[in-house]
Amino acid sequence: MLVLPIKKRWFEMIVNGEKKEEYRELKPYYDSRFKRYMPRPTNFRNEYIAAEFFIVFRNGYSYNSPSVKCRCIVDIGTGKKEWGAIPKKRYYILKILEIIEIKNWDNPNPSKVKEAMAVAALPAIAPITPIEDMQKEITKAINKQFAIGIDIGEEISRSGQSRKNTMMFGG
C-alpha cells in the first residue's frame with residue numbers, strides 16, 4: 001500500500017468529500033509506483049481496465065499525522081484548477097472511489113465526514129434491507145454452507161423398488 005504525503009488543505013477536502021482526485025507529477029519516482037496500476041487493454045477489445053488499489057494520504061510525515069485510507073484507480077490526464085492542478089499540465093490522477101478509514105484527525109464537523117464517507121461508498125455497498133430480512137438471509141446462508149448432502153447409495157425395498165438414501169449433516 002502506498003503512503004503519500006499531502007497538504008492540509010487537500011487532505012481536508014478529500015476527507016470532507018469535496019475533492020475526488022489527487023494529482024502527482026509525471027516523474028520517474030511516481031512512474032515506478034503507479035506503473036502496475038495503470039489501465040491496461042483487454043484481450044478482445046480496445047477497452048481498458050483500471051486496477052483498484054489502496055493509498056494512504058498522510059498530512060505530514062510522522063506516523064501519528066492525520067491520514068485517510070482510500071480505494072483509488074490511477075489515470076493520466078489534466079486536473080482541475082480548484083483541486084490544485086496547473087491548467088493544461090498532465091498528471092497522474094488518483095481518482096478516489098471510496099474513503100475506507102480516517103485516523104488521527106480532530107474533525108471540526110464529524111457529521112460532514114460521515115456523510116462524505118457514505119456518499120463515497122455508495123457504489124460499493126448493497127441496498128439496505130430491514131433487520132428481519134437480513135437475519136433470514138444470514139440464516140439461509142449459514143444453513144446452505146453447513147448442510148452437506150451425501151448420497152449413500154440405493155437399497156431395494158420389500159416391494160422390489162429401489163430407494164435412494166440421503167443423509168444431511170447440519171452444523
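A surface patch, as used here, is made of residues with over 30% relative accessible area and no salt bridge, with like charges joined within 9 Å and nonpolar side chains (Val, Leu, Ile, Met, Phe, Trp, Tyr) joined within 5 Å. One such nonpolar patch, of about 290 Å², is made by Met-1, Phe-54 and Ile-100. The model is predicted, with local features needing pLDDT of at least 70 and side-chain atom pairs counting only at pLDDT 80 or more, while totals for chains, interfaces and linings use all residues. Residues are numbered from 1 along each chain as its sequence is written, and side-chain values use heavy atoms, with hydrogens and water left out.

**Overall architecture**
- The protein chain has 4 helices and 9 strands, where helices (H or I, at least four residues) and strands (E, at least two) are DSSP runs numbered from the N terminus.
- Along the sequence, these elements follow the pattern β-α-β-α-β-β-β-β-β-α-α-β-β.
- Of the 171 residues, 29% count as buried, a term that means under 20% relative accessible area, with exposed meaning over 50% and partly exposed lying in between (1.4 Å probe, protein chains only).
- Among contacts (heavy atoms within 4.5 Å) with a separation of 6 or more, 54% come from residues 24 or more positions apart.

**Surface**
- The protein chain exposes about 12,500 Å², and carbon and sulfur atoms supply 54% of that area; accessible areas come from the Shrake-Rupley method with a 1.4 Å probe, and for residues only the protein chains shown count as cover.
- Ile-100, a member of the nonpolar patch, is found in strand S7 and is partly exposed, with a relative accessible area of 33%.

**Aromatic pairs**
- The structure holds 6 aromatic pairs, in which rings of Phe, Tyr and Trp (its six-membered ring) have centres within 6.5 Å, and planes under 30 degrees apart count as stacked, over 60 as edge-to-face and the rest as tilted.
- The rings of Phe-11 and Trp-105 are edge-to-face because their planes stand at 85 degrees, with the centres 5.9 Å apart.
- Phe-11 lies in helix H1 (residues 8-15) and Trp-105 in the loop between strand S7 (90-103) and helix H3 (110-121), so this pair ties together parts that are 94 residues apart in sequence; both residues are buried.
- Tyr-23 and Tyr-91 form a tilted pair, 5.7 Å centre to centre with 40 degrees between the planes.
- Since Tyr-23 lies in strand S2 (residues 21-25) and Tyr-91 in strand S7, the pair ties together parts that are 68 residues apart in sequence, and both Tyr-23 and Tyr-91 are buried.
- Tyr-29, Tyr-30, Phe-34 and Tyr-92 are linked into a cluster by ring pairs.

**Charges over rings**
- The charged end of Lys-80 sits over the ring of Trp-83, 4.5 Å from its centre, the criterion being NZ of Lys or CZ of Arg within 6 Å of the ring centre and within 35 degrees of the ring normal.
- Lys-69 lies over the face of Phe-54, at 5.1 Å from the ring centre.

**Helix H1 and positive phi values**
- In H1, Trp-10, Phe-11, Met-13, Ile-14 and Val-15 are buried, and the helix is followed by Gly-17, whose phi is positive, near 85 degrees.
- Most residues other than glycine have a negative phi.
- Lys-88, not a glycine, has a positive phi of about 70 degrees; Lys-88 lies in the loop between strand S6 (67-78) and S7 and is exposed, with a relative accessible area of 81%.
- Asn-104 has a positive phi near 55 degrees, lies in the loop between S7 and H3 and counts as partly exposed at 45% relative accessibility.

Methods
Salt bridge = Lys/Arg side-chain N within 4 Å of Asp/Glu carboxyl O.
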